[in-house]
Amino acid sequence: MTVLATVLASTTAGSAGAAEPERLVVDLATDTGPFHGGASGSLYGIYGDGVPSRNLLEGMHVRTVSTKAQDGPQHPGADALEVLPPFVDSGGKDVYIYMTDIYRGFPYQWPGADGPARLADFKAKIKKQVEQVLTMGDYKDHVVYVPFNEPEGNMFGTGDWSYNKVSWLKDPQHYFAAWKETYQLIKSLDPKARIAGPNTSVLYDQVKGFLQYAKANDVVPDVMTWHELSSPAAVRTSVAKYRQWEKEVGIEPLPINVNEYGHNYHLSVPGQVVQWVSAIEESKIDADLAYWNIDGNLNDSAVEANKGNGQWWLFNAYGQMTGHTVEVTAPHPNVQYTLQGVATLDEGKKQSRAIFGGKSGDADVVFQNIDPELFGTTVHATVQEIPWTGQVGDSAQPLRLADQDIQVGTDGTVTLPMTGMNEMSAYQVILSPGGNGGAPAEPSVSWRKTYEAENAAYTGGGYSKNGPEGSPRQVGKFATSGAYNVGGLRTGSDGVLAFDVEVPQDGTYDLSVFANSYNLYDRVKEQGPTNVFLRVDGKDPQELRLPLGYKWVVWGHTDTSVKLTAGKHRITLAAKDPDLGVTKGDAIIDKIDLSLRDERVTAPAIYEAEYATLSGARPDYSRSGASGPGTVPLPKDASTTFWVHAPSDGEATVSVDHLGGGRAGLSLNGEELDVPKVGGGKKGTDDIRVFLSGGVNKITVTGASRELALDRLRVTPSHGTLVPTVYQAEDGTVSGAAKVTDAYGFASGGKAVTDVGDGKANGLTLDVVAERSGRHALTIRYSNAEQAPATHYNPDPVARHADLSVNGGPARRVLFPTTFHFNNFWDLTVPVTLEKGTNRLTFTAEELPDFNGDTHNQYDQRSPYAPVIDRVAVTPLTQK
């Protein structure tokens, strides 16, 4: 059980207890360099504009992306020049183009009768790629060319598709010559081009010889790249080794991008990834999460189009660090699978942040050398947990574990005892000046507990205990809570999985079932989501649909609530129920989580302004009456940006708490809201009803007049003001080959519209009514399970698109990520402008051509069809 009520206490040096806990020491007096933020890179993480959403890109602070050459047949989507504008517009720095991914296969299927012929073919394709980049205007300045990828195993390795079946690691002459030729070709076409290499799978000792050749021939890469798929310790070691080579060869220090890092076992798990982040940030380099699975989900950070899992929220916390890093001493320095962390100090904001994780149990987090000139003699500490929620499991904002003022010890030290940590979670501490009298916020949850499936009782046939799954010895496998999971709930089974639980008080409890069904498994393909039946003490049956994934052991969670009295209960998941039916499909269960749904859970989510992303403003910790450590005075045009979670698409009340002094405007997801300015002359609260998209929303408060002292946002789901109007797709008008189908039983009403696309003649038209003109949220319930043939371990789902036209206006292209099965429906919201009265929505689609418009993809990687459309809902974006 994780102990929520983390006790915070100030201690002086040397006051150790009988059993000395491990200590993570943050030395605020030792500056280790400007905060870089480079660990948030992504290999193949962006499919196209909208998959993932721009909110997810900007909120994750993705700095670099490595992706395929435009129109390359390696995977669907992720085309460099289609990724480039939305990425840069969302704050991204550089797109690294894997120029070799213009070929199919891995090793790359490199055509030609011999090595010189193959190189000539590649150079012709390089020329075309550079010419296309040069059409991209200012966006081209964000491109970095990667001519070769892992050349020792591909083009200059020993395989049948290589230059001459001789590895360059043994005889480098042909690779070095090819590097020189391609480098000079790119620079001749674009003298300002930046080129990265050698992009080896590890930092081989032979790379030093590459540097010597490159210097001698004036073809030194602009960015040094290689891959680290072993451990965070190797990152620090390799960077140090490479920097020494630079000195020995006589090359000025180059930017470094380790553009593949991490394994399946690490990705999606905040407590694992934070260990990589600490090594990468300490090394002050860029690095991209490795691509083992599907593209477009930010390497198992994004869920659906606009939701983030625990890993996303870890990078959201990391990307909001500012100032400079400070020295962090871990209890086991540079040892993976132990407590590690990274910390910053921003003197201008008078704020220190630390993120850490990787250990279960207890530890002390010690802040040393707290400057009284910055913080005073009392600090305010907010402690948060970022839990693991699975690869495809949505996560709410970080849990608040504790929030209170602490007296700084006479030696300038504060110790935070962390109790009951989970090694799969990451944790964040934010330290600010305290003592202004602000009331501490309560923890987010009063009580919660995890129950592992492998420890539950099972009756009936078909039982299997699966595992161990991913581990430090099996990093290619997926992480699993407790390392094991349970199978048996499937078509034809009579299995019952019974969890014996004990709860502290009467009440309603939130229940999350962590589960998985492989979408292409035979039993699962028939229906899609596997249905199972939940009972409490044999009563109150519920039918649950469990999450689908792109492989086995890819975890999501299905959430419900149960009413329990204080004491012991038996919660069962069964493959058949006498009142509700039988299971179809095949599922594995990892665990269940129970948490008390009391006033702490139902209270509005709190987002302190002084913890937000600030532009043109700094926190003020001197004013009394604030909710937390301080406020943010917002002069005209200064802003605070908050990353706000919504459990589903729909109305929410955003309460803007302020201390007066001026007024400010609000924008939502980049759009200025048509609502009155918030603020005023006195302390108060402005309640704004807005439509939030399920997942992550960007809310920005911008000063409009005088100087508003912004305290915080409080956000809670609400209803009754912004009422959606729902239109079933089958009630619209279909044209051409588009048709109504009853093939998908989980569509609302049992019907949906399919075969929209393959030409504009095959469309769907819906007439919708708006009570007033202006911006509205259009929520499309859809399904999409198209998948292209893959050449290796990556599943290759295709994001379908629809061209949406409102009242005959220009069509807007909307991308729809895979839902893993055509009978699995998700919601996707896009903002539209509607006129008062009846408006006509038209959905069409057609296969998109390649960049130059003269060819089409020949591997079914660009779909001609829109998704299956179940229904649409129209909701005003704001209260009038």
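**Aromatic rings and their neighbours**

Colleague: Is Tyr518 buried, exposed or partly exposed?

Modeller: This model is predicted, so local features need pLDDT of at least 70 and side-chain atom pairs pLDDT 80 or more, while totals for chains, interfaces and linings use all residues. Residues are numbered from 1 along each chain as its sequence is written, and side-chain values use heavy atoms, without hydrogens and water. Buried means under 20% relative accessible area, exposed over 50%, and partly exposed in between, with a 1.4 Å probe and protein chains only. Tyr518 has a value of 24%, so this residue is partly exposed.

Colleague: How many aromatic pairs does the structure hold?

Modeller: Rings of Phe, Tyr and Trp (its six-membered ring) pair if their centres lie within 6.5 Å; planes under 30 degrees apart are stacked, over 60 edge-to-face, the rest tilted. By this rule, the number of aromatic pairs in the structure is 36.

Colleague: What kind of pair do Tyr458 and Tyr463 form?

Modeller: Tyr458 is buried at 17% relative accessibility, and Tyr463 is partly exposed at 37%. Their centres are 4.9 Å apart and their planes 50° apart, and the pair is tilted.

Colleague: Why is the pair of Tyr518 and Trp552 tilted?

Modeller: Trp552 is partly exposed, at 27% relative accessibility. The two ring centres lie 6.2 Å apart, and the pair is tilted because the planes stand at 55°.

Colleague: Which ring does the charged end of Lys465 sit over?

Modeller: A charge sits over a ring if NZ of Lys or CZ of Arg is within 6 Å of the ring centre and within 35 degrees of the ring normal. The charged end of Lys465 is 4.5 Å from the centre of its ring, that of Tyr484.
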